[in-house]
Amino acid sequence: MRTPISYFLLVSALLFTIGTVGVLIRRNALVIFMSIELQLNAVNLALVAFSRQNGNLTGQVLAFFSMVVAAAEVVVGLAIIVSLYRKRRSADVDDARLLRG
Amino acid sequence: MIAQEAIETVTRLQAPLIWLIPAFPLAGSAILLLTGRRWRGSRAGWLGTLVVAGSFVASVAALLTVVSKSADHRTFAQPLFEWIHAGGFRVAVDLRADPLSMVMALTVTGVGGLIHLYAIDYMRGDPRFSRFFAYMNLFVFFMLVLVLANNFLLLYVGWEGVGLCSYLLIGFWFERKAAADAAKKAFITTRIGDSAFLIGIIFIWTRFHSLDFGEVFGQAAGISNGTATVIALLLFAGAVGKSAQIPLHVWLPDAMEGPTPVSALIHAATMVTAGVYLVVRTRVIFEASDIALTIVAVVGIVTAIYAGFSSMGQDDIKRALAYSTISQIGFMFFGAGVGAYSAAIFLLVAHAFFKALLFLGAGSVIHGLDDEQDMIRMGGLRRAMPLTAATWMVGSLAMAGIFPLSGFFAKDQVIAAASEAGRTGLWYAALFGALLTAIYISRATFLTFFGEPRSQVHPHEPPPRMRTSIVVLTAGAAVAGVLGLSATSGLLPKFLAPTLGPAKEAVAGPSEVVLSIVSMGIALAGIGLAAFVYLSGRLDWQAMRVRFGGAKRMLQRGFYVNDFYGGVIVGPAKLAAAFAAYVFDKKVIDGAVNGVGSLFRGAASSGRRIQTGLVRNYALAFLLGVVGVLWYLAARF
């Protein structure tokens with residue numbers, strides 16, 4: 001008996017919500033970054049689940065692409081966070097508010 | 001009325017003569033304006049004088065061409081080039097040489113040349129010496145365009161051009177506020193008349209579909225009385241402004257702020273008489289209306305009497321002469337208004353001589369007394385300046401109308417014309433004006449040259465070139481009468497007859513000899529009255545000035561017309577301007593502009609709070625947006 005798709009989607013939604021709440025309430029750039037990764041992987045999970053449900057590989061291939069892009073994104077994002085930290089001695093995103101109107 | 005112009009023969013003149021007349025002063029003006037600073041000493045003045053002399057020679061040559069033809073073929077037109085050609089509207093630059101324009105051109109260049117010569121010494125040492133002569137030459141050019149034009153628009157070009165030069169030369173010493181103000185006043189006041197003139201030209205176009213003199217005058221006899229009246233009065237309004245007649249006369253006394261040669265050339269001899277030329281030139285239109293000529297005559301005589309009274313109250317010698325000019329031009333309009341066109345032109349020519357002479361004499365007095373213009377502080381100058389005094393006497397007697405000087409013949413013909421036309425009321429008024437003329441000019445003579453000296457300055461005679469001009473003008477003022485010994489058979493009336501029509505036959509009143517004796521007697525009475533007050537010593541005129549101070553001030557202020565305009569027109573206009581500047585512009589216009597600005601500033605300053613700069617806030621907004629969109633989509637399907 002196959003695991004119903006709703007289970008996967010539930011886990012995916014849970015992960016995405018945790019990630020969203022993390023982005024919204026945490027101030028440390030690294031933690032926010034990790035929360036974004038949670039959101040990404042929640043979506044990946046949903047993609048794979050739908051792929052399995054539909055019986056073709058399109059969703060899984062898309063998940064691979066997504067993971068590759070996410071890996072590249074991690075490199076860039078971490079580099080930004082590190083240089084930001086070096087410059088301001090802080091990884092707190094609320095300290096970086098030069099665009100305040 | 002009969003339209004003589006309908007059968008007028010116009011000869012096309014190809015010989016390069018007429019255009020040379022205005023070309024000389026134009027070239028002189030251009031050279032002096034472009035290279036003026038490089039001319040050392042008085043050479044710029046000599047150049048300016050020589051080009052006007054050259055123009056005079058060209059005028060004489062043109063005159064010889066004109067008189068070489070028989071009397072009916074003395075109108076020449078020289079087409080130079082087409083100026084405007086838009087649809088059916090065509091205006092060419094055509095110059096016209098006929099007896100009238102020749103008389104005007106000779107007067108302008110002849111008297112103008114002498115005044116240029118005088119100005120070489122008068123303006124010596126002025127920092128803008130060459131520019132003065134550039135403007136003077138430019139003036140002579142425009143004046144010649146005015147009198148030589150063969151259509152209304154070209155005449156208008158000259159008309160505006162002389163106004164411009166008048167402005168430039170009145171304000172020549174613009175460092176003095178009075179001079180700059182007087183220049184503006186002259187320009188703005190004459191502009192009122194000029195606007196009416198321009199509207200009149202537009203009317204002429206709509207009625208005749210041509211601006212050419214020959215075509216317009218040819219058809220003018222056929223137009224309706226109403227149309228003729230409207231056009232004639234619009235043209236006359238232009239003449240009133242330019243010639244400083246009531247009610248637009250207020251600029252001329254103030255124009256005396258300009259250098260004295262300017263007063264002599266522009267504000268006595270030539271430009272201010274352009275209005276008379278205009279009326280005489282367009283007489284066919286005036287004759288087609290049954291009321292226009294009467295209005296011209298009445299305005300002229302009222303102005304003559306008004307300005308005669310005002311001149312009596314002036315202490316400044318140049319202002320006295322300015323009011324005298326207004327008064328004499330009034331006589332010219334009067335002459336034209338009663339149909340004595342050639343007498344009006346005769347008076348114009350004679351006036352150019354004797355008034356230029358009087359102004360140059362006044363300039364010599366001012367020069368000799370170190371810029372003193374107040375006649376009350378002069379007196380007794382005939383001993384220190386015998387030549388100036390003698391020439392002034394000739395000029396003043398000529399103006400008063402004493403036989404056999406030029407003014408006698410000219411003014412007598414103008415006044416006699418009123419009687420001969422059967423208009424006795426106007427004739428009496430003109431005689432009264434002549435009496436005033438004799439009184440005010442004799443008063444100026446006695447105050448300036450007779451009695452005891454009232455100035456500490458030791459006056460001296462002017463330098464030789466100034467004397468030369470004055471002596472030549474004196475000769476002109478003395479003998480110009482030979483041009484018109486008789487109103488019907490004199491030299492000038494006969495010469496002008498092809499253009500102005502034959503002199504009217506006397507229809508009423510006493511004979512010419514009786515009229516002459518009457519006007520001569522009136523002039524002598526005026527001189528005697530002035531002598532009794534200012535010369536005999538039986539009256540203490542200086543005490544009378546104080547006792548009748550109110551009347552004296554009223555005359556001096558020209559019956560407060562200027563003050564009336566100041567209160568009724570200038571004052572409210574200034575108030576309206578202040579309202580526009582400080583209320584409308586500052587509050588309404590600036591308020592609207594600033595209001596739009598502060599509206600957006602206000603909106604922005606409340607809207608900017610959204611931009612916290614906190615990434616998490618943006619992320620929250622983003623999330624809410626996505627949720628909102630999903631909600632909408634979910635609700636829709």
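A residue is called buried here if 20 or more other C-beta atoms lie within 10 Å of its own, and exposed if 12 or fewer do. The model is a predicted one. By that definition, buried residues make up 52% of the 637 residues in chain B.

**Stop 1: chain B as a whole**

Chain B has 26 helices and 3 strands. Its C-alpha trace spans about 120 × 65 × 55 Å along the principal axes. Turn to contacts between residues with a separation of 6 or more: in chain B, 81% of them involve residues 24 or more positions apart.

**Stop 2: colour by confidence**

Colour chain B by pLDDT. The average for chain B is 89, and 97% of the residues score at least 70. For the prediction overall, ipTM is 0.81 and pTM is 0.81.

**Stop 3: the hairpin in chain B**

Select residues 75-86 and 89-97 of chain B, which are strands β2 and β3. The two strands pair in the antiparallel sense over 9 bridges. Show side chains for two pairs across the strands. Phe76(B) has Ala97(B) in β3(B) as its bridge partner, and Ile84(B) stands opposite Val91(B) in β3(B). Then move to the turn: 2 residues lie between the strands of this hairpin, and Gly87(B) takes a positive phi near 60°.

**Stop 4: helix α18 of chain B**

Select residues 406-420 of chain B, helix α18. Is α18(B) mostly covered or mostly uncovered? It is mostly covered, with 15 of its 15 residues buried. A distance between the end C-alpha atoms of α18(B) gives 21 Å; at 1.5 Å a residue, its 15 residues should span 21 Å, so the two values agree.

**Stop 5: chain A**

Now select chain A. Its secondary structure comes to 3 helices and 0 strands, and the order along the sequence is α-α-α. The radius of gyration of chain A is 17 Å, well over the 13 Å that the globule rule gives for 101 residues, so chain A is more spread out than a compact globule. The C-alpha trace of chain A spans about 55 × 25 × 25 Å along its principal axes. Of the 101 residues of chain A, 15% count as buried. Among contacts in chain A between residues at least 6 apart in sequence, those that join residues at least 24 apart come to 47%.

**Stop 6: where the chains meet**

Show both chains and select the residues in contact between them. How many residues of chain A are in contact with chain B? There are 10, and they are in contact with 12 residues of chain B. By class, the chain A side of this contact has 5 nonpolar, 2 polar and 3 charged residues.

Terms used:
Residues are numbered from 1 along each chain as its sequence is written. Chains are lettered from A and ligands numbered from 1 in the order in which they are written. This is a predicted model: local features need pLDDT of at least 70, side-chain atom pairs count only at pLDDT 80 or more; totals for chains, interfaces and linings use all residues. Helices (H or I, at least four residues) and strands (E, at least two) are DSSP runs, numbered from the N terminus. The radius of gyration is taken over C-alpha atoms; the globule rule is 2.2 Å times the number of residues to the power 0.38. Two residues are in contact if their C-beta atoms, placed from the backbone, lie within 7 Å. Ala, Val, Leu, Ile, Met, Phe, Trp, Tyr, Cys and Pro count as nonpolar, Asp, Glu, Lys and Arg as charged, and the others, Gly among them, as polar. Two strands pair if DSSP finds at least two bridges between them. The expected span of a helix is 1.5 Å times one less than its number of residues. pLDDT is the predictor's confidence in each residue, from 0 to 100.
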